[in-house]
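Student: Please take a close look at a single part of this model and describe how it packs against the rest.

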Amino acid sequence: DTEEAWRPFNRSMVYMADLESALHYSLRVELSAHPVFKGETLNALKSYISVLAKYFPGRPVVVNLLKSVDSWLQDHTGAEVSYAALREQLDNSGQVPDAALPEGVRWVGCQGSKPYFRRYPCGVWTLFHVLTVQAQSSAGSEPQEVLQAMAGYVRNFFGCRPCAEHFSNMVQESLAEVHSLSIAVLWLWSRHNRVNNRLAGAPSEDPHFPKIQWPPPELCSGCHGVKKSGEHSWNQEQVLAFLLSHFSSDSLLTDYLE
Ligand code: FAD
């Protein structure tokens, strides 16, 4: 309803405020549509919280909260978890010291020129790019861990159902080919570009943030090449290096945090 003041930001940077906003919206708004988690939805919830607890490169209070919710959920042996019980954990009603998830959204790099553009879906992409990069740099042992958690989240909970269907098709088609943590980073990048390609010019495109094949040459000139046939090609090694740096925890900006 009320127009928020625009927060100036650098378009070539990633903001922690967007990641925390995506967490708030996902955990306190999107998941609240499910009064009870059981079976597949309980598994999807557990995998999602588990990768957040392991890889979310957040402020210590936020990481503490995610870890406490994760261990509560892993210890939960019943067949069902209610959203109300999860919510108590998210709001830290048990008063674990120095653990909290900030309330509300504060979009920065994901601001749109209108309230119905960008925001949460932008935050979801950003969050999962960051998580694949964190998993890569912490040299975990399960190449598909983050992508499987994302796939389960999107399939079971993502509010945009056509989006979930499209994404699940790409997962079915090729997620099995992901056999290293670096390929996981590149897989998400290339699938995101496919989505960009499909949505370019669609009504959901914010005219101030056109859908492009990303990263553009201004962000990474070495990422772009030309084949002998004259066709555009990606230099995947350069793209990987760029993604690892762009989404790394050291590059995240902390402007506009509470
Ligand atoms: P986004 O596409 O949300 O990207 C956010 C930011 O990520 C960009 O600003 C850029 O900095 C960076 N980025 C862009 N491309 C890449 C890339 N290839 N790799 C890494 N980083 C990149 N909308 C629909 O209308 N139909 C759909 O089917 C659909 N499917 C979706 C599926 C998923 C899983 C998600 C999360 C969203 C989907 N959406 C869909 C929403 C859509 O993709 C955009 O998120 C939304 O339109 C907002 O666009 P945006 O301009 O903020 O950029």
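Tutor: Helices α1 and α5 are roughly perpendicular to each other (angles of 65 to 115 degrees; under 35 is roughly parallel, over 145 roughly antiparallel, the rest oblique). This is a predicted model, in which local features need pLDDT of at least 70 and side-chain atom pairs pLDDT 80 or more, while totals for chains, interfaces and linings use all residues. Residues are numbered from 1 along each chain as its sequence is written. Helices are DSSP runs of H or I, at least four residues, and strands are runs of E, at least two, numbered from the N terminus.

Helix α1 covers residues 16–30, and its angle with α5 is about 110°, at an axis separation of 9 Å (axes are fitted to C-alpha atoms over the stretch in contact; angles run from 0 to 180 degrees between N-to-C directions). The crossing is left-handed, that is, the near helix is turned anticlockwise from the far one by less than a right angle. Asp 18, Leu 19, Ser 21, Ala 22 and Tyr 25 of α1 meet α5 residues including Tyr 120, Gly 123, Val 124 and Leu 127 (C-beta atoms, placed from the backbone, within 7 Å).

The largest nonpolar core has 61 residues, and Leu 131, Met 150 and Ala 184 are among those with the most contacts inside it. Helix α5 supplies the largest share of this core, 9 residues. In α8, Ala 184 is buried, as are Leu 181 and Trp 187 (20 or more other C-beta atoms within 10 Å; 12 or fewer is exposed, in between partly exposed). Helix α5, residues 120–137, is among the elements that cover the buried residues of α8.

Note on methods: Contact = placed C-beta atoms within 7 Å. Core = buried A, V, L, I, M, F, W, Y, C linked by C-beta atoms within 7 Å.
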